[in-house]
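Please examine the sequence and the structure shown below.

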Amino acid sequence: MADARPFHWEFRPEPVTRELFRVKGGTVLSGTVAISGAKNAALKLLAASTLTGERCRLTNVPEIEDVRVMAETLRDLGVVVDHPAPNVYEIASGDVEWLFVPLEAAAKMRASFILLGPLLARFGRVIISNPGGDRIGRRPVDLHVDAMRALGASIEYRNGYYFATAPGRLRGGEVTFPFVSVMGTENAMLAATLAEGKTVIRPAAQEPEVDDLIDFLQQMGAAVLRTAPDVIEVEGRKRLRGAQHAVVPDRIEAGTFIVAAAVTGGRITLQGAPCDHLGTYLETLGRIGVGISCGTDTIEVDGTALHAGGYRACDVATAPYPGLATDLQPPTAVLLTQATGVSRVNETIYEDRLEWLAEVRRMGARVDLPDPRNAVITGPSALHGMEVEIGDLRAGASLILAALAAEGTTVIHGAHHVRRGYENIEGKFRDLGASIARIAEGETDTSS
Ligand code: EPU
């Protein structure tokens, strides 16, 4: 582990077409929005499909940039990835000989590292680049590497790449993490499905996307079971088979649209929304004063309290599931700018995930950042349009929320980051009555 540099120093990332959102705020949103499949499930399901040579079919896959990057990465390995219809992917990983996940893929998306476990387990070797990801903290991968070693792999790190081998087969074993890691759990679980013997993973992440992956693996014939809330046990199989699966709905996208109703004082119905997966979040929003009612697969949001006396301040802290998701911290913080009183936000998962609030402060919010893990928000504040810059996709979606709540027009640079994780976000907001356009930087906006 000598080389602390994440990437080759000569690496030049591919230029991206920079985009901006132009949002005219102040409209009360109303109507119905369909929630897409979860990014953080879909990416792992695509990777899991390489555990078998048989064809797998995934439906309800979100049409987002990260899925496109994962599909491209798999194709570069020689995996057949078909996209026969919108939101449907079919994967066939017959002979994969090019067991190399390059820096080009890893720099675009941290989740490329989820290929370590399945490729190593099925083919006995892989060379995989140290991953990149969002600007939300250091985000190392030591837990993934230690988990593979616990399953008998040899892994060396040289010049930005992990060289992993498992001659013969991986061996089941005890994988014990020092703290909960979502992808660490998933990588260990994926590797263990084809290992010889039994693996016990603890503490195992409890996020719904992990359970979605367990469902799919079971369909593939894997013997994977959550035997306690934070324990997953896997009995390795010699081979797995092809399977079909519909991706679980995206609780983070759902949480974003809930706040869109709340901060514009509107009423929105979310369709295909995972109420069961949003327990702590919905409970928090209820305390703040947002009206929420859950149906079988719908969530009705009533944000009219915004105008009738307002929302109440609330202290929140992020935590692994079933706690308040770090990915829902940004929308929660935007909502708290509209609540009366002093709210404290404690970010416990990532060290740099509150920095984006400086942009909301420029829009008129009263936000103190006493240290990188804590924010103090005093509300309510009248937000106003501004030129702001997106740093990561969750913060980006939440800057749209702030812009919808603001008076005047907000120009949000770096809109392409949001494309990584939200399907047609501007179209969905427009259908609810918002005035939002996505424009290539430098192009003239001709929309009204
Ligand atoms: N960590 C380590 N070493 C590791 C792995 C993680 O120190 O080897 C640290 C991380 O730096 C972080 C903490 O452990 O401080 C927890 O990270 P975790 O491993 O749980 O995160 P992840 O699996 O890399 C997934 C999601 C993130 C989400 C987190 C937490 C995917 C592709 N990503 O990341 O989603 O924030 O879990 O819930 O599943 C996003 O979608 O925008 C996003 C960042």
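A disulfide is counted here as a pair of cysteine sulfur atoms within 2.5 Å. In general terms, a disulfide is a covalent bond between the sulfur atoms of two cysteines. The model discussed here is a predicted one. A search of the whole structure finds one disulfide. This bond joins Cys275 to Cys294, with an S to S distance of 1.6 Å. The link of Cys275 and Cys294 is left-handed, with -45° about the S-S bond. Cys275 lies in the loop between β15 and α9, while Cys294 belongs to strand β16, so that the bond connects distant parts of the chain, 19 residues apart.

Cys314 is buried, with a relative accessible area of 7%.

Attention now turns to the ligand. The residues around the ligand number 23, and those that come nearest are Asp142, Ser181, Met183, Asp327 and Ile349. By class, this shell has 11 nonpolar, four polar and eight charged residues. Four helices, α1, α5, α6 and α12, each supply at least two residues of the shell. For Leu143, a backbone N or O atom lies 2.8 Å from a ligand oxygen, and for Tyr350, a polar side-chain atom lies 3.0 Å from a ligand oxygen. Taken alone, the ligand exposes 830 Å², of which the protein buries 91%.

Among the buried residues of α6 are Met183, Gly184 and Glu186. At the start of α6, a side-chain oxygen of Ser181 reaches to within 2.9 Å of the backbone nitrogen of Gly184.

The final topic is charge. Side chains of opposite charge can pair when their charged atoms come close. The count of salt bridges comes to 26. In one of them, Lys44 pairs with Glu186, the closest N and O atoms being 2.7 Å apart. Lys44 lies in helix α1 and Glu186 in helix α6, so this pair ties together parts that are 142 residues apart in sequence. Both Lys44 and Glu186 are buried.

Asp66, in helix α2, meets two partners. With Lys39, the salt bridge of Asp66 has an N to O distance of 4.0 Å. Lys39 lies in helix α1, so this pair ties together parts that are 27 residues apart in sequence. With Arg420, the corresponding distance for Asp66 is 2.9 Å. Arg420 lies in the loop between α13 and α14, so the pair with Asp66 ties together parts that are 354 residues apart in sequence. Asp66 counts as buried at 2% relative accessibility, Lys39 is buried at 8%, and Arg420 is buried at 12%. Elsewhere, Glu19, Arg419, Glu426 and Arg438 are linked in a network of salt bridges.

Note on methods
Residues numbered from 1 in each chain as written. Predicted model: local features only at pLDDT ≥ 70, side-chain atom pairs only at ≥ 80, totals over all residues. Heavy atoms only, no water. Near = heavy atom within 4 Å. Polar contact = N/O pair within 3.5 Å; in protein donor to acceptor, adjacent residues only side chain to side chain. Areas by Shrake-Rupley, 256 points an atom, 1.4 Å probe, with all protein chains shown as cover. Nonpolar A, V, L, I, M, F, W, Y, C, P; charged D, E, K, R; others polar. Salt bridge = Lys/Arg side-chain N within 4 Å of Asp/Glu carboxyl O. Buried < 20%, exposed > 50% of the residue type's maximum accessible area, 1.4 Å probe, protein only.
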